[in-house]
Each structure stands twice: as C-alpha cells, then as structure tokens.
Amino acid sequence: MVKVHTDEREELCNLTSLVREFVKSSGVRTGSVMISSLHTTSAIFINEWQEALLHDVKAYLANAISKDVYYRHNDPAWSDCDRHNADSHLRSTMLGISLALQIADGDVVLGEWQSVIMAEFDGPRDRSIRLQAMGIASEK
Amino acid sequence: MVKVHTDEREELCNLTSLVREFVKSSGVRTGSVMISSLHTTSAIFINEWQEALLHDVKAYLANAISKDVYYRHNDPAWSDCDRHNADSHLRSTMLGISLALQIADGDVVLGEWQSVIMAEFDGPRDRSIRLQAMGIASEK
Amino acid sequence: MVKVHTDEREELCNLTSLVREFVKSSGVRTGSVMISSLHTTSAIFINEWQEALLHDVKAYLANAISKDVYYRHNDPAWSDCDRHNADSHLRSTMLGISLALQIADGDVVLGEWQSVIMAEFDGPRDRSIRLQAMGIASEK
C-alpha cells in the first residue's frame, strides 16, 4: 500500500516512478501490475505528463462535470454527506479507479509519452493506492 | 457466469456481495478477479452505493449522453436495430464493460466506500456477468 | 507487439480477429489477455461493430470533447506541441488506453455483440498495440 498526499481539491499526481520502482523490486519478469485507488473520489489513468495538458484535463472536467450544479448527494434533504463532492464521485466513475499494465523484462510496459497519473478530485487528502505485481519470476 | 436481472431501462445493481462470495469460494488467496459484462449496453464500475449519488449518476448520464437526440444507430435508414439504444451503447463505451480488482488474504480488495456496480442502460434484460479469479491458492 | 496503421485523424479499427488469433496461438487455456495501446492519443474499448453506431461514437466525441476550443496544450505560449491534439489526449483519457479480457477454453471471452475496438484520435499514424496472454496452459 502506498500513501499519496494531495494538497489541493483537484490535483494530478505522477505515479510513474513509484510504479516502475515497485515493479523492479517485485522480481516479476513477465506479468502485470495492478494500480488501484481504494477511494470513490479519485481516479487512475494514463496520459502525457505535460503541465499545459494537465491544466486542460482539469478544465475539461470542471466543465463536463460541474461542481456547482444541483446534486442530491450534496443536498441535506437526500444525503448525510456534507462534503459537496458529488462531482468528485462522478469524475471518479467516468475515469475509473483502477488499471492494469503489462510487465516485460522486469519493467512496466509504457509508451514513450505515457505516465501513470492519479487524479485527486476531493483533496486535500491522504490517499491509499494499492499495487500488485503478478506473473513469472526468474532466478538463478 | 452470473445472471443479473434488471427491471428498468436504466438501473444500477450492486454486485459487491456476489463478487466477494465468488472470491472467497474460489480458493484464491492472492491474485485478481475480473468482472466482465458480456454486453454492449451495460457497464461495470466502482463507486459508492448511496441512493442520492446513484440518482446523480443516472441524471448526469441522461444529460451528458442524451437518449433523445438524433443517432444513426436509431435511424431505420442507417441501422436495422429498432431498440433506439444508441445512448446505451455510448454510455457503455464511456464507462467500460469490464474491470479487474485485487485479491489479498482470500478477499477482494475494496476501499471502505467502494462497491462494484453494474449499470443497466437498456433494460429490462437478463444480463450475463462473467467472473474469473486467478492467482495463488494455498492449502494444507 | 502489433502495428496498426490508421489513415484518418479519427478512425475506429476492429482488433477482434487479431486478439482472437493471438489468444489461440498463445496456448493459454484459462487466463486473461491484456490489450494495451502504447500511446496517449488513442484508446481501446469494447462495443458493437456497426457502421451507424461507429459514426455515432465519433459524433458524440466530436461534440463532448471538441477539437476547436481553446486548450493550453495547443497554445505555443504554453506548450511546444504543435499537433493541436489536446482533444485527442482528452478522449484517450476518458476512454482508457488498455483493457483486459478473460480467456476460457483457449479463446477470448466476448459476448455476441462485443468487438475489441482501437480508437485513433490523432492519425494518420502507425500505432503500437501490445498483447499479453497470461494463465494456465495444458498440454499432453
């Protein structure tokens, strides 16, 4: 289990090095690694780690899944949650909380521009990310 | 294979207990479980099982991927499908039809607020969900 | 690694036969197959392969994630990328670049209407798709 601390309500965190080092230390030569957020208001996805693009991702989501429209989850008449985070749940639902990547030659398989990104949608928080490598080890 | 019956066109079904019991009975101690819908108008996702939030998920999708705009898939001039379910296919495409979760200590790894949810977008129907647990068993 | 050539900026490619033949030739009888695009402007998803519906998927994305609004990733003041492909990255982010399917009886498990589809969002390009089958083989 890895703890990831976030400082903003909406924040993108680059998990690539952490995943890569986990896979190398796991001893798995061929197999897969699963990266799972144990929450319902964050997400895991793959894309390019570029400051301008990260801004665009946040701006797109702010528009597509607005924070400030009416949601029952934010309404005391319907819900006992007082975090006003229905938008965070919806973004998590649309992006997904878990993904699997391939392992080959003892390393995670990622394209040149691919990074593993955790999206925080209801921070600041301490998030638990669980990593699991499965497959074939070789030793001699 | 598990059959899940739905009663409404749009319906959310909680599969968490079903997945948990399947994993426990599988004998897998460490590994992963895959939950796959075998359809193109339903989806599988993880989020919180709260009535107000489930309403918000349905309302968000009704707005983001409208049932009642023009689609070629619903137009007899272009398609021989008469179910008027292009929106159902699009929702399934955006949410995904399959996911994998980790297994540890013989149980599926889920965070405190996480439920495994099947989304029906073109019911009522009988849906086929295939579960598969893979990994390491221990016996003595 | 499989190379998939695309001819249009936005194009959908049916990978089902390719995945099916890979699984059959892998020798895996029970397990899973992972299908991963190694890029950040394409996606992998499951849905029905019908011409009218494929048109609807492209039209939906053209509307939901517009190519022609302002993005920092497309602005030379913020980004050194001159492909004007922020929309392609966002579509890839929302749909996902990788998925896993079950293998049973030596074949990939797909429902009657399910196809494995690669979405090109920034072609024409040569795309690298990596396939990996893991699981149990039987021989005699």
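## Ground rules

The model is predicted, so local features need pLDDT of at least 70 and side-chain atom pairs count only at pLDDT 80 or more, while totals for chains, interfaces and linings use all residues. Residues are numbered from 1 along each chain as its sequence is written, chains are lettered from A and ligands numbered from 1 in the order in which they are written, and side-chain values use heavy atoms, with hydrogens and water left out.

## The layout of chain A

Chain A has three helices and eight strands, where helices (H or I, at least four residues) and strands (E, at least two) are DSSP runs numbered from the N terminus.

Now take the contacts (heavy atoms within 4.5 Å). Among those in chain A with a separation of 6 or more, 84% join residues 24 or more positions apart.

## Where chains A and C meet

Here 28 residues of chain A are in contact with 26 residues of chain C. The two chains bury about 2200 Å² between them, and 63% of that is on carbon and sulfur atoms. Buried area is the accessible area (1.4 Å probe) that two parts lose on being put together, summed over both.

How many salt bridges cross the interface of chain C and chain A? The rule finds zero, a salt bridge being a side-chain nitrogen of Lys or Arg within 4 Å of a carboxyl oxygen of Asp or Glu.

## Salt bridges to look for

Over all chains, the whole structure has 24 salt bridges. One of them pairs A:Asp87 with A:Arg9, at 2.9 Å from N to O. A:Asp87 sits in helix 3 (residues 86-95) and A:Arg9 in the loop between strand 1 (2-5) and strand 2 (11-14), so this pair ties together parts that are 78 residues apart in sequence. Both residues are buried.

A:Asp87 also forms a salt bridge with A:Arg91, with the closest N and O atoms 3.6 Å apart. This time both partners lie in helix 3, four residues apart, or about one turn of the helix. A:Asp87 and A:Arg91 are both buried, too.

How values were computed: Buried < 20%, exposed > 50% of the residue type's maximum accessible area, 1.4 Å probe, protein only.
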